[in-house]
Amino acid sequence: MASKSAVTTAGGQLPKGKEEFSSMADVYNHELTPLQKHVAFFDRNKDGVIHPSETYEGFRAIGCGVALSAFSAVFINGLLGPKTIPENMKVGAFKFPIYVKNIHKGKHGSDSGVYDANGRFVPEKFEEIFKKHAHTRPDALTGKELNELLQANREPNDLKGRVGGFTEWKVLYSLCKDKEGFLHKETVRASTMAACL
């Protein structure tokens, strides 16, 4: 089966509309930042664009239920999509695509700073989370400690950032906490490096 990016006309030019696809998929021809790697998991067809349906599929793949997956698709794509649209590109109303190449533009306030403005992982900020907030165990967070972290990261007048940070951490906690209610440092590191904090 030929890939979409290989489709050309007899003159060797990509048909109108396919040029955009090819340039977006080119993100995978270069080394990805850790933040791009993180979101690339949700780009199920690897075309460089994450549509709400792919966000839904990704959440289902990591074990989320139908309702949470549907909510996440609308919430995440609705908030991040418009920020990542390349300049001079028009997107249809209510499409909300997220462009992997520009995911760093979707970074929000009131976060932990684990990713910098360019989408690179900042190990010092990651370690700081546990040094400051892991009181019960040095290598894990309880639900109460997670709430403390979220409170400490709150920026004034940043409702969208607060909601984004809250949602990201709470989903991670609900999916990955152990039976005693601990969210382990290595689990958080794996979720951050594997593929938003």
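Over residues 30-65 the chain is 47% helix and 6% strand, and the end C-alpha atoms of this stretch lie 34 Å apart. Helices (H or I, at least four residues) and strands (E, at least two) are DSSP runs, numbered from the N terminus. UniProt, in an unreviewed entry, places the feature "domain: EF-hand" at residues 30-65. UniProt positions follow the numbering used here, feature names are shortened, and annotations may be inferred rather than shown by experiment. The model is predicted, with local features requiring pLDDT of at least 70 and side-chain atom pairs counted only at pLDDT 80 or more, while totals for chains, interfaces and linings use all residues. Residues are numbered from 1 along each chain as its sequence is written, and side-chain values use heavy atoms, with hydrogens and water left out.

The secondary structure of the chain consists of eight helices and four strands. Their order along the sequence is α-α-β-α-α-β-α-β-α-α-β-α. Of the 197 residues in the chain, 42% are buried (under 20% relative accessible area, with exposed over 50% and partly exposed in between; 1.4 Å probe, protein chains only).

Over residues 59-80 the chain is 82% helix and 0% strand, and the end C-alpha atoms are 16 Å apart.

Two packed helices are described by the angle between their axes and the distance between the axes. Helix H3 (residues 52-61) packs with helix H4 (residues 66-84) at an angle of about 140°, and their axes are 8 Å apart. Axes are lines fitted to C-alpha atoms, for helices over the stretch in contact, and angles run from 0 to 180 degrees between N-to-C directions. H3 and H4 are therefore oblique to each other (angles under 35 degrees count as roughly parallel, over 145 as roughly antiparallel, 65 to 115 as roughly perpendicular and the rest as oblique). H3 passes H4 in a right-handed crossing; a crossing is right-handed if the near helix is turned clockwise from the far one by less than a right angle, and left-handed if anticlockwise. On the H3 side the contact (heavy atoms within 4.5 Å) is made by Pro 52, Thr 55, Tyr 56, Phe 59 and Arg 60, and on the H4 side by Val 66, Ser 69, Ala 70, Ser 72, Ala 73, Ile 76 and Asn 77. These residues divide into seven nonpolar, four polar and one charged (Ala, Val, Leu, Ile, Met, Phe, Trp, Tyr, Cys and Pro count as nonpolar, Asp, Glu, Lys and Arg as charged, and the others, Gly among them, as polar).

Helix H6 (residues 143-153) and helix H7 (residues 159-176) pack at about 160°, with their axes 11 Å apart. H6 and H7 are therefore roughly antiparallel to each other, and their crossing is right-handed. H6 contributes Gly 143, Leu 146, Asn 147, Leu 149 and Leu 150 to the contact, and H7 contributes Gly 165, Phe 166, Trp 169, Lys 170 and Tyr 173. By class, the contact of H6 with H7 has six nonpolar, three polar and one charged residues.

Phe 166 of helix H7 is partly exposed, with a relative accessible area of 45%. The C-alpha atom of Phe 166 is separated by 8.9 Å from that of Asp 111, 55 residues apart along the chain. Cys 176 also lies in helix H7 and is partly exposed, with a relative accessible area of 28%. Leaving aside neighbours within four places in sequence, Cys 176 is in contact with Phe 182, Leu 183 and Thr 187. The C-alpha atoms of Cys 176 and Val 188, 12 residues apart along the chain, are separated by 8.4 Å.
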